[in-house]
Amino acid sequence: MIFNSINYFLFLPIVFLLYYLIPNRFRWILLLVSSTVFYSIGGVETIAVPIIIIISTFVSAILIERNSDPGIKKRYFWLGLIINLGLLVFFKYINFFIATVFDGFEIVKKMSHEGLVNTYQPIELQLIVPLGISYITFQAIGYLIEIKRGSHIAEKNFGYFATYLMFFPKLLSGPIERAHNFLPQLQLEHKFDYDQVVQGLKRILWGLFLKVAIANRLALYTSAVLDNSEHHTGTTLLIASLFYTLQMFTDFSGYTDMAIGSAQVFGYKLTENFNAPFSAKSIADFWRKWHITLSSWVNDYIYTPIVINKRDWGKSAVVYAGMVTFLILGFWHGASWNYIIFGFLQGVILAIEFLTRKSRKKMRKHIPNWLNSIIGMCYTFLFFTFSLIFFRAYTASDGIYIVSKIFTDLGATFYMGDIGIFSYSLIGILIVAIQGIVSVYYPKFKLLNNDSRYIRFLTILFLVVYIISFGVFDGGQFIYFQF
Amino acid sequence: MFKLFYKLVILFLAFILVDFLLGFTLDSIIDKSPDGRYFKAQYSLESSKEDIMIFGASRAECHIAPSIIEQSLKMTCWNAGRGNQTLPFWISMAEGILKRHTPKLAILDIEADYLSSGLSGSYEPSAGMLRPFYREHKEIRPMINKVSVFEQYFNYSKLYAYNSSYYYLLRPYLIKGLDGKLEDKGWKPVTGQMQPDNSTQTIIDTKRVLNKETVKLFNELISNFTKKGCPVFIVISPRYNEIIKNTSTLDYIRNMKNVYLVNFDDNIIFSKDYRNFRDESHLNKEAAIKFTNVLVEKMIRMNIDSIVEQNK
């Protein structure tokens with residue numbers, strides 16, 4: 001079930017009403033049951049996978065905690081880790097590995113002119129990738145690491161633990177929630193809090209606006225252009241790539257707003273995933289503001305341990321850790337070379353930023369602050385757009401083709417497509433830009449949370465009217481569901 | 001909880017009020033539109049009384065000039081074709097027209113292999129064009145309702161019905177004739193010329209399996225006309241560098257009763273010369289005039305008067 005579907009807008013109020021009608025002690029059961037129903041609508045064939053992850057992680061964590069022998073602790077940790085990673089690799093990456101091995105055979109065959117294999121026929125397993133597997137697995141692995149480190153107590157209530165991993169607002173695309181943030185909330189008494197519920201509903205509305213009225217609208221243009229890159233000029237591809245960055249942001253942050261808002265109406269507070277990312281003045285800053293829960297996860301469980309482990313290397317340890325982390329982060333998005341290139345580009349630019357930070361600091365002293373900020377923001381936005389070209393492309397060579405065309409075929413003419421669609425896209429971008437500027441620089445003027453109830457009311461009404469008037473309702477699922 | 005419910009009711013009532021006021025305004029904008037695509041759809045559905053009605057997608061809309069047909073056949077003619085639309089739209093239009101008027105004949109421009117193509121993705125564009133008329137025209141509802149089970153409820157909202165239409169609703173007030181001039185009677189000629197290219201000629205000679213859903217709707221469309229005594233002429237417009245030999249669609253049409261497939265052998269005259277085309281699929285204005293003349297000649301040779309008389 002996706003958040004921008006009618007089914008969800010029937011499902012959510014039913015669960016909401018039941019939730020506040022039943023006694024507090026049974027509410028987690030309702031959340032678990034409704035999350036299972038939520039998952040099953042669209043993913044019932046693979047429901048066994050999250051169940052295996054939940055059971056194996058729950059049991060491993062308790063066994064790690066109960067044993068005092070570090071060797072046995074380690075063994076149980078690895079058992080839990082291998083089950084989690086094994087399922088993730090099997091469902092998400094097995095076809096990539098098979099294809100890569102076959103590609104290797106083909107290269108060897110060509111080089112030796114001998115038939116190592118008679119015909120090149122990569123096997124492709126017909127697997128259904130379980131919904132949200134990357135998110136569930138990362139949360140489970142993070143939990144196991146915390147238990148092994150002794151920084152968190154293993155949850156003894158299986159139902160609570162299952163609810164933690166399955167909680168439907170964050171089930172399909174995060175935020176990647178830490179156990180220490182979520183599990184204690186299950187034991188709190190969640191009284192109906194009017195203000196919290198209204199805040200949650202407002203976030204759902206804003207998220208829906210971003211997804212349906214902006215992201216889906218932009219997708220009409222970006223898909224028409226980027227799916228047919230050979231028919232378009234470099235200028236058109238450049239505009240579509242810039243639009244895609246905004247589409248990606250509005251799509252994913254729209255999803256996140258709906259996830260956080262949905263949790264909030266039940267009294268749960270999920271971790272924020274975005275913090276005005278396009279106000280970042282460097283890529284390092286950007287990754288602290290974009291997909292925050294993933295960035296902090298890889299920072300805590302991959303980057304920092306590598307830096308500590310290789311601390312003797314000095315600066316090289318930071319560069320090395322950054323490269324490894326972002327290659328993994330790229331690969332996490334999907335089993336394809338274009339995602340690996342996306343991750344690699346982030347790693348390279350972060351290394352450059354790290355190695356040049358002192359000289360850049362000196363240079364900045366000679367430039368006014370406001371100009372520094374503008375240059376920084378433009379550079380960050382453009383670099384991220386550049387890397388997203390590979391992210392959006394179906395293959396690495398598609399990405400290279402688009403980039404080369406942008407640099408070699410820039411002209412004055414560009415394809416606008418349907419003028420209606422294009423102009424509505426520009427209106428949408430303008431609204432989001434104004435909202436972004438207001439929220440960062442003029443928070444007092446926030447419309448949805450304005451002091452005046454009339455302004456709040458009119459803003460809500462405007463969003464509803466705008467969504468219904470300009471929304472694209474057949475725009476499909478959120479981009480990040482595929483990961 | 002009561003406070004929340006109360007606020008949601010207030011919001012809902014405010015939305016209904018805005019929806020009513022804006023909906024009323026938008027209805028007036030369509031009603032007073034000087035021309036444009038919504039004007040054309042409304043005219044076709046509510047006012048058209050021509051003897052000959054033309055249906056089809058952009059190729060019907062651009063290639064067949066009603067005024068030439070009128071002069072040659074001495075019958076009035078209206079081109080109800082619309083770009084990016086297929087069977088769901090044509091059926092809705094035909095239902096709307098036939099409810100109050102039976103043309104003497106209908107011309108339908110389709111692709112040579114049309115019945116082998118699926119209709120996925122055809123319902124939404126059709127609904128997008130027709131939703132403003134949903135409430136007043138029961139006959140168009142079945143096709144719109146195929147988009148989703150919720151359409152019948154959503155269309156209570158006028159704002160929903162007019163979703164994304166504002167640009168094309170307002171444009172005719174600023175620039176006239178962009179979707180075809182009134183005097184051209186639904187014809188929307190395109191100007192410009194293709195660049196010469198070295199592409200190889202495509203020969204369409206295929207036995208692709210017919211798509212069941214497409215065939216079912218096609219039969220429905222044809223029988224809507226023929227039941228009312230309106231014969232249907234099927235036209236296959238030329239495409240650049242394409243020669244049609246035969247397809248399963250053409251075989252199927254040849255076996256239909258009261259349906260007349262207009263000979264497309266002359267397409268080659270148009271298709272081999274890039275100067276006739278604006279792009280690979282669309283003849284430019286000059287070629288469209290020539291094409292309509294050729295079409296009329298063929299229809300006369302097919303003894304159109306006796307066909308019309310026979311079906312009365």
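Predicted model: local features only at pLDDT ≥ 70, side-chain atom pairs only at ≥ 80, totals over all residues.
1. Contact of domains 2 and 3. Domain 2 of chain A puts 22 residues into the contact, and domain 3 of chain A puts in 21. About 1900 Å² is buried between these two domains, with 71% of that area on carbon and sulfur atoms.

2. Salt bridge between the domains. How many salt bridges are counted between domain 2 and domain 3 of chain A? The count is one. A salt bridge is also listed for A:R392 and A:D227, whose closest N and O atoms are 3.0 Å apart.

3. Interface of the chains. The size of an interface is often given as the accessible area lost when the parts come together. For chain A and chain B that area is about 2100 Å², and carbon and sulfur atoms account for 74% of it. Zero salt bridges are counted between chain A and chain B.

4. Second largest pocket. Its volume is about 1500 Å³. The pocket is lined by 47 residues, and those closest to its centre are A:W206, A:V432, A:Q435, A:G436 and A:S439. Sorted by class, the lining holds 29 nonpolar, 13 polar and five charged residues.

5. Origin of the pocket lining. Which helix gives the largest share of the lining of the second largest pocket? That helix is α18(A), with 12 residues. At least two lining residues come from each of α9 (194-226), α10 (234-265), α16 (369-392), α18 (419-441) and α19 (453-470) of chain A. By domain, domain 2 and domain 3 of chain A each supply at least three residues of this lining.

6. Cis peptide. The bond between A:G174 and A:P175 is cis, with omega about 5°. A:P175 sits in the loop between α7 (168-171) and α8 (179-186) of chain A.

7. Positive phi. B:N84, a residue other than glycine, has a positive phi near 65°. B:N84 belongs to the loop that runs between β2 (77-79) and α5 (87-98) of chain B.

Definitions and conventions. Residues numbered from 1 in each chain as written. Chains lettered and ligands numbered in written order. Heavy atoms only, no water. 1 Å grid on protein atoms, 1.4 Å probe; cavity = no way out; pocket = protein on both sides within 12 Å on 5 of 7 lines; lining within 4 Å. Points joined across faces, edges and corners; volume = space filled by probe spheres on them. Helix = DSSP H or I, 4+ residues; strand = E, 2+ residues; numbered from the N terminus. Nonpolar A, V, L, I, M, F, W, Y, C, P; charged D, E, K, R; others polar. Domains from an automatic or database assignment. Buried area = accessible area lost by both parts, 1.4 Å probe. Salt bridge = Lys/Arg side-chain N within 4 Å of Asp/Glu carboxyl O. Contact = heavy atoms within 4.5 Å.
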